[in-house]
Amino acid sequence: MKKIYSKINKKKLLHIIFRPTKKNQRINISPENEFMQVCYLSVNKDNNFPSHKHFWKKNKQKKRIVQESWLVIEGLVKVTFFDINDKVLTSATLKPGDLSVTFEGGHKIDILKNNTLIYEHKNGPYEGQKKDLVYLDKI
């Protein structure tokens, strides 16, 4: 797992790149204080999850941010991560099975191969481009 911190605030975790390598285990990818919680599960047959549901509860946070995760299923992508001041931090090429997680800061994906398939995850409610994001080339 590669953790990418802000150059402005060295303790602020902005992005994670996760490449699965372990078998038969659970790896919590997100720190527990983040809005978006991501974990890696590698399980064998008959390792079941008991019936359960999650319930509504009051959130202690007054503000929220849309956090995002991209999981590459097929193909190849280049992801570029930006710091909190919109300057490039780093970039990486993601292959099938690789995951990027953005808690804060900007990001960009360039598709490098035809028929690339990506799952995108984010916390909601997502209120659309006009209310929940700003394009960095417009700043």
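How many bridges join E2 to E8, and do the two strands run parallel or antiparallel? Four bridges join them, and E2 and E8 run antiparallel. Two strands count as paired if DSSP finds at least two bridges between them. Strands themselves (E, at least two residues) are DSSP runs, numbered from the N terminus. Within this pair, isoleucine 17 stands opposite serine 100 in E8.

A quick word on ground rules. This is a predicted model, with residues numbered from 1 along each chain as its sequence is written, and local features need pLDDT of at least 70. Side-chain atom pairs count only at pLDDT 80 or more, while totals for chains, interfaces and linings use all residues, and side-chain values use heavy atoms, with hydrogens and water left out.

E2 has another partner too: four bridges join E1 to E2, and these strands run antiparallel. Here tyrosine 5 stands opposite leucine 13 in E2. As for cover, six of the six residues of E2 are buried, so the strand is largely enclosed by the rest of the structure. Buried means under 20% relative accessible area, exposed means over 50%, and partly exposed is anything in between (1.4 Å probe, protein chains only).

Now for the charged side chains. A salt bridge is a side-chain nitrogen of Lys or Arg within 4 Å of a carboxyl oxygen of Asp or Glu, and by this rule the count comes to five. One of them brings together the side chains of lysine 12 and glutamate 104, at 3.1 Å from N to O. This pair ties up distant parts of the chain, 92 residues apart: lysine 12 sits in the loop between strand E1 (2–5) and strand E2 (13–18), and glutamate 104 in the loop between strand E8 (99–102) and strand E9 (107–111). Lysine 12 is partly exposed at 27% relative accessibility, and glutamate 104 is also partly exposed, at 30%.

Lysine 122 and glutamate 68 make another salt bridge, with their closest N and O atoms 3.1 Å apart. Again distant parts of the chain are linked, since lysine 122 belongs to strand E10 (residues 117–122) and glutamate 68 to strand E5, 54 residues apart. Lysine 122 is partly exposed at 30%, whereas glutamate 68 is buried at 13%. Their side chains are joined by a polar contact of 3.1 Å as well. (A polar contact is a pair of N or O atoms within 3.5 Å; within protein, one must be able to donate a hydrogen and the other to accept it, and residues adjacent in sequence count only if both atoms are side-chain atoms.)

Glutamate 68 lies in E5, which covers residues 68–74. Leaving aside neighbours within four places in sequence, glutamate 68 is in contact (heavy atoms within 4.5 Å) with several residues, including Met36, Ser100, His107 and Glu120. Glu120 turns up again in a network of salt bridges that links Glu68, Glu120 and Lys122.

Lysine 108 also forms a salt bridge, this time with aspartate 110, the closest N and O atoms being 3.7 Å apart. Lysine 108 is partly exposed at 40% relative accessibility, and aspartate 110 is partly exposed at 24%.

Finally, there is a nonpolar surface patch of about 290 Å², made by Leu41, Val43 and Phe49. Patches are made of residues with over 30% relative accessible area and no salt bridge; like charges are joined within 9 Å, and nonpolar side chains (Val, Leu, Ile, Met, Phe, Trp, Tyr) within 5 Å. Accessible areas come from the Shrake-Rupley method with a 1.4 Å probe, and for residues only the protein chains shown count as cover. Valine 43 is found in the loop between strand E4 (39–41) and E5, and is partly exposed at 46%.
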